[in-house]
Amino acid sequence: MKQEKAILWTLAAINFTHIVDFMILMPLGPQLMRIFEISPSAFGLLVSSYTFSAGLSSFLGAFFLDKYDRRKILLWVFVGFLLGTIACALSPNYPILLISRIVSGVFGGLTSALILAIIGDVVPDERRGRAMGLVMAAFSVASVFGVPFGLFIASLTNWHAPFFFLAGLSLVILALIYRFIPSITAHLDTGKAKPSPLQVVQRVTGNANQMRAITLTIMMMLGQFTIIPFLSPYMVANVGFTDMELTYIYIFGGLLTIFTSPWVGKLTDRYGKVEVFTVFMTLNVIPIGIITHLGVTPIPYVLLVSTFFFITSNGRMVPAAALITGTARPENRGSFLSFNSAVQQLAAGAASFLAGMILAEGVNGELLNFEKVGYIAIVLSLLCLPLIRRIKVVDVG
């Protein structure tokens with residue numbers, strides 16, 4: 001158990017870095033749109049470039065992740081992630097930043113799949129909800145400490161500073177991976193020949209249960225990432241927040257989800273993945289509907305709604321991730337989760353790109369049509385409720 005906890009805390013640290021790297025661009029949106037003089041659709045492309053490249057790399061990773069020791073490949077992938085982060089920090093203009101985000105996304109996508117595969121390998125199903133809750137609490141910590149600190153140092157210096165901070169942190173986490181992640185090769189000792197790339201695709205697409213899990217992933221991402229990338233620009237342009245006041249949203253929302261994420265994990269193990277998901281997904285559409293209709297609003301009211309959005313968004317992810325991980329057996333878990341990560345990233349990229357095309361900029365700089373994006377997000381989120389009831393866990397080891 002002690003070794004399992006060390007592994008989970010290391011994976012949580014990796015997840016923290018990966019999430020901050022992805023999230024930090026969104027609250028920097030108002031600054032980047034001013035500095036580079038870009039439109040909402042160009043900013044949407046900057047966000048989606050990360051997720052599109054992460055999706056492509058995750059898809060390709062499905063063909064080789066199960067062929068190697070998890071520890072060895074995680075080390076190499078995280079080195080690539082570190083180099084991509086450094087490239088972002090050194091980017092002098094929009095085109096080079098766009099290319100650097102693509103590089104970061106390539107390795108970030110593989111990191112996500114490996115984290116879930118390792119949890120599936122080292123944690124049995126009866127404790128997997130708690131494990132997911134711990135590792136996904138990294139999202140909350142990223143919101144409370146990572147993103148606000150990044151915004152703070154960006155306000156003191158410039159937008160490059162958060163990426164330099166991330167690069168330094170990644171060096172520390174690379175040492176943690178080397179120290180605490182053991183060699184994980186049980187998935188290699190099955191006595192079965194490893195499948196070809198075509199067989200990997202056929203095995204996933206031919207499995208109706210896994211395809212339902214992947215469809216759930218797509219629907220969840222479409223329901224969230226039409227909203228999340230433009231939350232900060234909308235708060236500044238329409239609601240009346242300053243760049244510094246944006247940190248309040250991430251601090252309050254993340255602070256509470258640090259406590260609620262492990263709690264949701266325990267609820268998942270006690271009451272069931274489908275039941276807990278249904279409650280939090282249903283609640284999640286309430287703040288979506290409110291946020292996308294806000295005008296100039298007092299900060300306390302906005303923080304109440306945005307914090308509820310954070311809690312319910314995180315609350316639906318914990319049981320969903322535990323359920324989706326359990327649809328694959330150990331010998332093909334890495335390839336399936338990489339495939340799933342690919343569609344997750346591609347769906348998130350498609351969602352932010354689609355929302356960027358729907359949104360327009362008003363004469364005073366405000367964002368228009370966000371309420372239409374909200375309606376789309378609500379419908380897609382509610383469609384997940386009947387779908388998740390048709391997904392079954394097949395790995396109970």
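The points below go through the cores, helix packing and selected residues of this predicted model.

1. Basis. Residues are numbered from 1 along each chain as its sequence is written, and side-chain values use heavy atoms, with hydrogens and water left out. Because the model is predicted, local features need pLDDT of at least 70 and side-chain atom pairs count only at pLDDT 80 or more, while totals for chains, interfaces and linings use all residues.

2. Main core. The largest nonpolar core contains 113 residues. Such a core is a set of buried Ala, Val, Leu, Ile, Met, Phe, Trp, Tyr and Cys residues joined through side-chain atoms within 4.5 Å; buried means under 20% relative accessible area, exposed over 50%, and partly exposed in between, with a 1.4 Å probe and protein chains only. L11, L216, M235 and F277 have the most contacts inside this core. Helix α5 (residues 94–122) supplies the largest share, 11 residues. Helices (H or I, at least four residues) and strands (E, at least two) are DSSP runs, numbered from the N terminus.

3. With neighbours within four places in sequence left aside, L216 is in contact (heavy atoms within 4.5 Å) with F277, I324, C384, L387, I388 and I391.

4. α4 against α5. Helix α4 (residues 70–89) packs on α5 at an angle of about 155 degrees, and the axes are 8 Å apart. Axes are lines fitted to C-alpha atoms, for helices over the stretch in contact, and angles run from 0 to 180 degrees between N-to-C directions. The pair α4 and α5 is therefore roughly antiparallel, on a scale where angles under 35 degrees count as roughly parallel, over 145 as roughly antiparallel, 65 to 115 as roughly perpendicular and the rest as oblique. The crossing of α4 and α5 is left-handed, a term for a near helix turned anticlockwise from the far one by less than a right angle, with clockwise giving right-handed. Their contact residues comprise 13 nonpolar, seven polar and three charged. Here Ala, Val, Leu, Ile, Met, Phe, Trp, Tyr, Cys and Pro count as nonpolar, Asp, Glu, Lys and Arg as charged, and the others, Gly among them, as polar.

5. α9 against α13. Helix α9 (residues 208–224) and α13 pack at about 165 degrees, with axes 11 Å apart; the two are therefore roughly antiparallel. α9 passes α13 in a left-handed crossing. On the α9 side the contact is made by A213, L216, T217, M220, M221 and Q224, and on the α13 side by F309, S313, R316, M317, A320 and I324. These residues divide into eight nonpolar, three polar and one charged.

6. α11 against α12. The axes of helix α11 (residues 246–271) and helix α12 (residues 273–291) come within 7 Å and cross at roughly 135 degrees, so α11 and α12 are oblique to each other. W263, V264, L267, T268 and Y271 of α11 meet K273, E275, V276 and F280 of α12. By class, the contact residues are six nonpolar, one polar and two charged.

7. Two buried threonines. T17 lies in helix α1 (residues 2–23) and counts as buried because its relative accessibility is 0%. Beyond four places in sequence, T17 is in contact with F78, F81, L166, L169, S170 and I173. T307 belongs to helix α13 (residues 299–325) and, at 8% relative accessibility, is also buried. Leaving aside neighbours within four places, T307 contacts F252, G253 and L256.

8. R212. This residue is found in helix α9 and is partly exposed, with a relative accessible area of 21%. The C-alpha atoms of R212 and R390 are separated by 7.4 Å, although the two residues are 178 residues apart along the chain. R212 touches L387, R390 and I391, not counting residues up to four places away.

9. Positive phi values. E37, which is not a glycine, has a positive phi of about 55 degrees. E37 sits in the loop between α2 (29–35) and α3 (40–61) and is exposed, at a relative accessible area of 72%. N369, also a residue other than glycine, has phi near 75 degrees. N369 is placed in the loop between β2 (367–368) and α15 (370–382) and counts as partly exposed at 24% relative accessibility.
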